[in-house]
Amino acid sequence: MFLQQLYRHWRKMFYALLVMALAQAFFMYKAVETVPFFLYNMYSTPQRNGDTAYRTAIYLNGRPFDATQLSGHEQETLFGSLAYFKKLKANRYFATDSATVVQRLRRLPTGLYRPAYKRLTNTSVSDSAFLEWWARYLAQVSGTRVDSFALVESTVLWKPAYRVLKDTVSLINYRHAPADR
Amino acid sequence: MRPPIVELPRTLMARAVYAWILFVLVYFFAHNSLVHQWRQPPLIYPEADNTYWLLHALYIPQAIMRSAVLSALFDAVLVGSVTLFLVFPRRVVFCALSVAALWLYEIMYGSANGHHYHHVGLLLLPLPFLARAPMKFYFSWSIVRYWVLFLFVCSGVYKLYYGGFFFENNMALVLRQHALEGHGWQSSLMFRLIDHPAMAQRLYQATTILQIACAIGFFTRRYDTLILGLLLLFNLSNIFILNIPFWDNSLMIAPFLPWASIRRWRSALDRTPTALTKK
C-alpha cells in the first residue's frame, strides 16, 4: 500500500500528509475553504435562480461594446469585479462582513487588530476609485481609449422563451475627468 | 503484492510540465490576465479563506496589485522562475520561486476578480519538482496524483451530498448563468440544453458518476489512461457546455500521463545505437 511505502521510505512526508489530511477534513467539516485545502463543490447545490435574470450591456464612448468578443478571463475580471463592486456597495465596502472580522481577530492586540481590520476590508475604496480602474482595464482589453462608459443592466426573461427586455434596472455612468493642466 | 517504487524521468517531466506552465502563462498574457495587465485593481476579496486573510492582513497582494512597478516585477519573477526551471530542472531554487509566485498569483487572481478560482493544475503540479532525489520525487508525484483524484471524487460526492444530483432542473439553471448569446454552435448547444432540462440534467448526473468513478485510481494505476480520458472529457465539456477556460486546468491531466512508459521507451531508444555500435 502507498501509505505503508511512504511510512517506510519517507517518514517525515508521511506525517506531513497525515496533518494535511486532518486539516482537509477539518476545513471540509467547517465548510470554509482555506487554500491549499480546496473545497471542490461548485454547482453541487440545487440552483435557485428563477426565471428572471439580469444582463449588463456596455456602452463604450457612447457606442455599444460587444463584450462577448472578449476572452473568458477578460470577462471574468470585468464582470466578476463589477458584480462584487455592486454587492460591496450595498454593504458599505466591507470585503467580509465586519462581524466575521471581529469574531476571528478579537484576540489580537489593538495595535495589530486595527491595521488588519483595515486591510481585510475595502473601506478606503470609493465609487470613483473602482470606476476609474474599470475604465483602465476596459481600455486594456478593448484596445480603445476610454473617455466614457455606461453599464446598463436589463432584465432577461427565460419563460415562456428567452427574451431580453429593453428596460434599465440599473445604470452606471462614467466620464473620464481630464487632469488639470 | 506491493506496487513497486518506479523511477520517473524527473528531468523530462520537469521540462514538459514547466513548458506547459509557460504556455499557460503566455495564454494568460494574451488574455490580459497577468498581474500588471489588471492595471492596479482597488478592490480585494478575501472572503472567509484563512490563507487569503493572512496574506491580505500582511498587505502582500494589495501591495503588488496596486503598484504598476511591483506588479510588473512580480510578473517578471513569475515568468522568469518558470523559464529558468524549464532550462535548469535540477535547480530547485527556481522551482521554489515559481511555486511561491504561482500560489501568490492565484490568491491575487481570486481577490481582484471577486471570485476564488481553482487553477489547481497550475498550483499542484509544480510541487513534486521541489524534490530532487528519485524516491522523494516518486512519492511527491504520487501524492499530487492522489490529490487530483481526491478533488474530483469530492466534487462528485458533493453533488450527491448537497442534492444537485437529484434536483431535476439543476443543470439547466446552471447553464442559464453561462448562456452565450449569438448564433454560433456553442450558443445553440447551450440554449438547446436549457430548453431540454431533463437532457441537461442527465449530463450533470453522468459527470457526477464520471467524477466518482475516478476513485478507482486510489486502488490501482492500471486505469490511469481511462482516468486521463475522463478528465479530458470533463474539461472539454466544461469549455463547450459551460464556456469555462480549458488551459487553466489542463495541467490536472499530467499525473495520469504514462511517464514511466515514456522513460522505458527512451531507455530502449538510448540502448539501440549502443547495441548497433557494438556489432
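1. In what order do the elements of chain B run from the N terminus on? In this predicted model, the order is α-α-α-α-α-α-α-α-α-α-α-α. Chain B accordingly counts twelve helices and zero strands.

2. As to its dimensions, chain B has C-alpha atoms that fill a box of roughly 70 × 50 × 35 Å along the principal axes. Of its 279 residues, 42% are buried. Among the contacts in chain B with a separation of 6 or more, 67% are between residues 24 or more positions apart.

3. The contact between the two chains draws 60 residues from chain B and 51 residues from chain A. On the side of chain B that touches chain A, two or more residues come from each of α2 (50-57), α5 (92-113), α7 (134-161) and α8 (170-178) of chain B. The most come from α7(B), which gives ten residues. By class, this side of chain B comprises 30 nonpolar, 22 polar and eight charged residues.

4. In chain A, strand β3 (residues 148-157) runs antiparallel to strand β1 (residues 52-60), and nine bridges join them. Here A:Ile58 stands opposite A:Leu151 of β3(A).

5. β3(A) is also joined, by six bridges and in the antiparallel sense, to strand β5 (residues 170-175) of chain A. A:Phe149 has A:Tyr174 in β5(A) as its bridge partner.

6. A further antiparallel pairing, over two bridges, links β3(A) with strand β4 (residues 163-164) of chain A. A:Val156 stands opposite A:Val164 in β4(A). These strands, β3(A) and β4(A), form a hairpin with five residues between them.

How values were computed
Residues numbered from 1 in each chain as written. Chains lettered and ligands numbered in written order. Predicted model: local features only at pLDDT ≥ 70, side-chain atom pairs only at ≥ 80, totals over all residues. Contact = placed C-beta atoms within 7 Å. Helix = DSSP H or I, 4+ residues; strand = E, 2+ residues; numbered from the N terminus. Nonpolar A, V, L, I, M, F, W, Y, C, P; charged D, E, K, R; others polar. Buried ≥ 20, exposed ≤ 12 C-beta atoms within 10 Å, placed from the backbone. Pairing = 2+ DSSP bridges.
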